[in-house]
Amino acid sequence: SESGRCASQDPYDSDSYLSAVKPIWCPGCGDYSVLSSLTNALAYLQLPPEQVALVSGIGCSSRIPAYTNVYGFHGVHGRALPVATGLKLARPDLTVLVAGGDGDGFSIGGNHFLHACRRNVDLTYIIMDNQVYGMTKGQASPTTAPDWKGSELTPEGTGVNSFQPLVIALAAGANFIARCFSGEPANLAEILVQAIQHPGFSVVQVLSPCVTFRPEQRQWKNLVRMAPEGLGTDIQAATQRLMDDDGLTIGQVLYKGNRPPYRSRKGCEKKMSELEMEFAL
Ligand code: SF4
Ligand code: MG
């Protein structure tokens with residue numbers, strides 16, 4: 001074909017999901033690997049790019065929609081989840097992905113995070129967590145440890161306990177919870193496949209080093225450990241496991257429930273043509 005793809009049974013490879021825009025992340029940033037795991041997951045699922053939308057907020061990781069050729073929406077800070085929720089309810093036929101960082105998602109976007117977990121709309125939320133505001137040059141974020149002294153704004157550390165996104169997701173009702181590491185891209189792609197396939201809100205926290213403002217995170221590759229297999233459906237065990245964890249256990253779905261996803265009531269879904277008519281009026 002003109003696009004260079006042959007009409008085989010496997011029409012999409014991971015490059016099929018990349019745009020012509022080259023990422024401007026710092027060399028060594030974990031987000032490169034998240035992008036390639038995501039395109040591998042989409043290729044595995046053979047999702048047509050025009051059937052996928054990727055919504056983000058603001059931050060280094062939130063640039064990701066521009067680097068793909070699926071539909072993208074680079075929104076405002078912290079507001080990716082409400083945009084994605086509206087999109088999914090209006091267009092339930094689309095696979096809607098949401099991506100962003102820890103600052104965007106858990107600080108200004110924290111309230112939306114709680115309610116997305118509670119509502120259980122069928123979205124996949126990928127949080128590239130580097131425990132810092134990278135785009136604004138290295139301030140403490142909600143997931144930063146209290147004793148991190150790397151920012152001039154908090155030379156003695158914040159002294160504030162860090163936000164525990166997965167415990168909070170579980171308490172708020174999320175039904176698919178996983179933690180991965182950008183340095184384990186095959187495992188990340190596998191978990192993303194499961195997250196996308198899961199009907200309902202899926203939370204995938206990805207430890208993704210900011211090599212510029214948290215260079216010590218290069219050591220994550222020596223510190224992370226794979227969770228034992230077979231985790232998953234017991235909510236009390238998952239709660240205990242997450243409470244006891246140091247944040248470095250990766251690689252498995254830590255909890256998976258079967259609460260039905262939220263859907264628009266029948267008759268509320270509008271065709272795009274009707275919506276366009278209303279916006280035009
Ligand atoms: Fe990645 Fe940090 Fe550079 Fe942002 S500042 S692109 S998070 S390494
Ligand atoms: Mg961050």
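**A loop residue and the strands beside it**

Author: In this predicted model, Gln131 has 25 other C-beta atoms within 10 Å and is therefore buried, since 20 or more are enough for that class. Gln131 belongs to the loop that runs between β4 and α5 (165-172). Its phi angle is near 55 degrees, which is a positive value in a residue that is not glycine. Another residue with a positive phi and a side chain other than that of glycine is Asn120, where the angle is near 65 degrees. Asn120 lies in the loop from α4 (110-119) to β4 (124-129). With 22 C-beta neighbours inside 10 Å, Asn120 counts as buried.

Val98 has Tyr125 of β4 as its bridge partner, and Gly101 stands opposite Met128 in β4. Strands β1 and β3 also run parallel and are joined by five bridges. Here Leu54 has Leu97 of β3 as its bridge partner.

The burial of β3 can be followed residue by residue. Thr95, Leu97, Ala99 and Gly101 point one way from the strand, while Val96, Val98 and Gly100 point the other way, and all of them are buried. Because seven of the seven residues of β3 are buried, the strand is largely enclosed by the rest of the structure.

The axes of α2 and α4 come within 8 Å and cross at roughly 35 degrees. On the α2 side the contact is made by Leu81, Pro82 and Thr85, and on the α4 side by His112, Phe113 and Ala116. By class, four of these residues are nonpolar, two are polar and none is charged.

The loop between β1 and β2 contains Gly57. This glycine has 26 C-beta neighbours inside 10 Å, so Gly57 counts as buried. When neighbours within four places in sequence are left aside, the contacts of Gly57 include Gly75, Val76, His77 and Ala80. Gly100 of β3 is also in contact with Gly57. Gly57 and Leu18 are 39 residues apart in sequence, and their C-alpha atoms are 19 Å apart in space.

A residue of another class is Leu45, which is placed in helix α1 (residues 31-45). Leu45 has 14 C-beta neighbours inside 10 Å and therefore counts as partly exposed. Apart from neighbours within four places in sequence, Leu45 is in contact with Val193 and Ile196. A distance of 9.2 Å separates the C-alpha atoms of Leu45 and Tyr12, which are 33 residues apart along the chain.

Ligand 1 has Asn130, Gly134 and Met135 among the residues around it. Its surroundings also include Trp25, Cys26, Cys29, Asp31 and Cys60, as well as Cys210, Val211, Thr212 and Phe213. This shell divides into eight nonpolar residues, three polar residues and one charged residue.

These details sit in a protein with nine helices and nine strands. A compact globule of 281 residues would have a radius of gyration near 19 Å, and the value of 19 Å for the protein agrees with this. Along the principal axes, the C-alpha atoms fill a box of roughly 55 × 45 × 40 Å. Buried residues account for 43% of the 281 residues. Of the contacts between residues at least 6 apart in sequence, 68% join residues at least 24 apart.

Technical notes:
Residues are numbered from 1 along each chain as its sequence is written. Chains are lettered from A and ligands numbered from 1 in the order in which they are written. This is a predicted model: local features need pLDDT of at least 70, side-chain atom pairs count only at pLDDT 80 or more; totals for chains, interfaces and linings use all residues. A residue is near a molecule or strand if its C-beta atom, placed from the backbone, lies within 6 Å of it. Ala, Val, Leu, Ile, Met, Phe, Trp, Tyr, Cys and Pro count as nonpolar, Asp, Glu, Lys and Arg as charged, and the others, Gly among them, as polar. Helices (H or I, at least four residues) and strands (E, at least two) are DSSP runs, numbered from the N terminus. The radius of gyration is taken over C-alpha atoms; the globule rule is 2.2 Å times the number of residues to the power 0.38. A residue is buried if 20 or more other C-beta atoms lie within 10 Å of its own, exposed if 12 or fewer, and partly exposed in between; C-beta atoms are placed from the backbone. Two residues are in contact if their C-beta atoms, placed from the backbone, lie within 7 Å. Two strands pair if DSSP finds at least two bridges between them. Axes are lines fitted to C-alpha atoms, for helices over the stretch in contact, and angles run from 0 to 180 degrees between N-to-C directions.
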